[in-house]
Amino acid sequence: MTKKQFAEIICKTFNLKGITSNSFVYVINCTLMGIVTVKVPGRNAYKIYFTIFPLWKATLKECLEIPLFQQAIVDTKNLDIYLPENMTEEDISFILHQCVLQIPFIPAKDITSLDIIKFLYNKIIEDPGISGNFVLEMKVYTLIYNIALICNDYKSAENVYEQISQNINKWDDAIFRYWFGDKKNYLERLQEYDSNRINLQINIQNNLLNPKISKLPKYEFLD
């Protein structure tokens, strides 16, 4: 079975649509969620990830450049699955089953903002790859913060500020500055909740008008 056929099955099974040749997603409010396939260097195989992209960057291209969250789909031994290029029906059936077991947000559907926020906080705690890398941790915090603002959940946004402010002094200054800027300025910007929300809304609305986005299945964060 070809990768194209696999993509068609993924999209039909989970109500997703391709936005790139490797990314199969749906719109949920201010994010894109779905499945991404990544070719493994040196192997005739792909790894499969549950991925969340933002929709609040200045352009759709920027939104798709770097996801804010990725979770590899693993097998029954908790090892990353390598889907062969010459995939069989059994391979496909197994990966689809593992996706359903490991991703609570597919098939595409409306979900509550609290469910996705809880899921992301749990990943910060449970995933050593995230908890041991403050850059990845910050990306997840950014995701939680911006979803909270868009959903008028200022309490959750303030909680993100508290979490970051309590830990920021532990993180390497130079690495933090490279990714996020000056620490003091970053914390000050986080507290500009109203203006941040307005800026997010402007970019989201612009990106939702993109023809590629308009063709995707669309769902909402519920209260």
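This is a predicted model: local features need pLDDT of at least 70, side-chain atom pairs count only at pLDDT 80 or more; totals for chains, interfaces and linings use all residues.
Reader: Start with α9. Which of its residues are buried?

Author: Helix α9 covers residues 183–190, and K183, Y186, L187 and L190 are buried there.

Reader: How do those sit around the axis?

Author: They cover an arc of only 95 degrees, so they lie on the same side of α9. An α-helix has 3.6 residues a turn, so residues three or four places apart point the same way.

Reader: What do the buried residues pack against?

Author: The buried residues of α9 pack against α6 (134–150), α7 (154–167), α8 (173–180) and α10 (193–208).

Reader: And what happens at the start of α9?

Author: A side-chain oxygen of D182 comes to within 3.1 Å of the backbone nitrogen of K184.

Reader: Switching to cysteines. How many disulfides?

Author: The count is zero, with a disulfide taken as two cysteine sulfur atoms within 2.5 Å.

Reader: Is C30 buried or exposed?

Author: C30 is buried, with a relative accessible area of 0%. C63 is buried as well, at 0%.

Reader: Last one, Q71. Where is Q71 found?

Author: Q71 is in strand β5, residues 69–72. With 12% relative accessibility, Q71 counts as buried.

Reader: What does the Q71 side chain have a polar contact with?

Author: The side chain of K123, at 3.3 Å. Beyond neighbours within four places in sequence, the contacts of Q71 are I48, Y49, F50, Q102, F119 and K123.

Technical notes: Residues are numbered from 1 along each chain as its sequence is written. Side-chain values use heavy atoms; hydrogens and water are left out. Buried means under 20% relative accessible area, exposed over 50%, partly exposed in between (1.4 Å probe, protein chains only). Helices (H or I, at least four residues) and strands (E, at least two) are DSSP runs, numbered from the N terminus. The arc is that of the directions from the helix axis to the C-beta atoms. Contact means heavy atoms within 4.5 Å. A polar contact is a pair of N or O atoms within 3.5 Å; within protein, one must be able to donate a hydrogen and the other to accept it, and residues adjacent in sequence count only if both atoms are side-chain atoms.
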